[in-house]
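Subject: Structure for you to look at

Hi,

Here is the structure I promised to pass on.

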Amino acid sequence: MDGKNLLVATATGSGKTLVAEMAGILQVFRGKKFLYLVPLVAVANQKYMDFNARYDALGFRTVIRVGTGRIVIEEGEALPIREEQIVGADIVVGTYEGVDFLLRSGEKEELEPLGLVCVDEIHTLSEGERGARLSG
């Protein structure tokens, strides 16, 4: 809460997300963005829905950035994913790949002013496929 970096490593269900949310929402109240990064589109969708339901009533806008427009469920069937403009958003939920693309495509200004970045599942740094995106 006092602006210092923090690594929280504890058991599943013990409140890591709550710590990030409290610090992130404090930044939103201060007029800055809260960026919540996750490794998987399904997790991003869940966090997007949770944050939207929780913070919309306070007037905070939550958006999702996952780097894809749809998820294929079965042959010929797809689940649409909302990819909204980040400008004007307070909370941005995104996958490592989605935000990596945003940064590399010259749209990083959309994240300003950035108050807090939460990296969920940071242990994926050691994974070949996602680690490079997260490292970037």
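Let me start with a question: which residue forms a salt bridge with Arg65, and how many Å apart are the closest N and O atoms? The partner is Glu107, and the gap between the closest N and O atoms is 4.0 Å. Keep in mind throughout that this is a predicted model.

Another one is between the side chains of Glu21 and Arg54, at 2.6 Å from N to O. That pair also links distant parts of the chain: Glu21 belongs to helix H1 and Arg54 to helix H2 (residues 41-55), 33 residues apart. Glu21 is buried with a relative accessible area of 8%, while Arg54 is partly exposed at 43%.

The salt bridge between Asp100 and Arg104 has an N to O distance of 2.7 Å. Here both partners lie in helix H3, four residues apart, about one turn of the helix. In general, an α-helix has 3.6 residues a turn, so residues three or four places apart point the same way. Asp100 is buried, with a relative accessible area of 6%, whereas Arg104 is exposed at 61%.

Now the overall layout. The protein chain has four helices and six strands, and from the N terminus on they run α-β-α-β-β-β-β-α-β-α. Of its 136 residues, 37% count as buried. The accessible surface is about 8200 Å², with 53% of that belonging to carbon and sulfur atoms. If you take the contacts between residues at least 6 apart in sequence, 65% of them join residues at least 24 apart.

Four of the strands make an open sheet with parallel pairing, in the order S2-S5-S1-S6. Its edge strands are S2 (62-65) and S6 (114-119), each pairing on one side only. From one strand to the next, the twist averages 20°. Strand S1 (residues 33-38) is joined to S6 by five bridges, and Lys33 stands opposite Leu114 in S6.

Two helices to check against the sheet are H1 and H3. H1 packs on it, touching S1, strand S5 (91-95) and S6, with its direction at about 150° to that of S1. Helix H3 (residues 96-104) packs on the sheet as well, touching S1, S2, S5 and S6, and its direction makes about 110° with that of S5. The buried residues in H3 include Tyr96, Gly98, Val99 and Leu102. After H3 comes Gly106, which has a positive phi near 85°.

A few last things around H1. Lys16 is in this helix and is partly exposed, with a relative accessible area of 29%. Leaving out residues up to four places away in sequence, Lys16 touches Val8, Thr10 and Ala11. Lys16 and Asp120 are 104 residues apart in sequence, yet 8.8 Å apart in space, C-alpha to C-alpha. Leu18, also in H1, is exposed at 51%. Together with Met1 and Met22, Leu18 forms a nonpolar surface patch with about 310 Å² of accessible area.

Cheers

Technical notes: Residues numbered from 1 in each chain as written. Predicted model: local features only at pLDDT ≥ 70, side-chain atom pairs only at ≥ 80, totals over all residues. Heavy atoms only, no water. Patch = residues over 30% accessible without salt bridge, like charges linked within 9 Å, V, L, I, M, F, W, Y side chains within 5 Å. Areas by Shrake-Rupley, 256 points an atom, 1.4 Å probe, with all protein chains shown as cover. Buried < 20%, exposed > 50% of the residue type's maximum accessible area, 1.4 Å probe, protein only. Pairing = 2+ DSSP bridges. Axes fitted to C-alpha atoms, helices over the stretch in contact; angles between N-to-C directions. Contact = heavy atoms within 4.5 Å.
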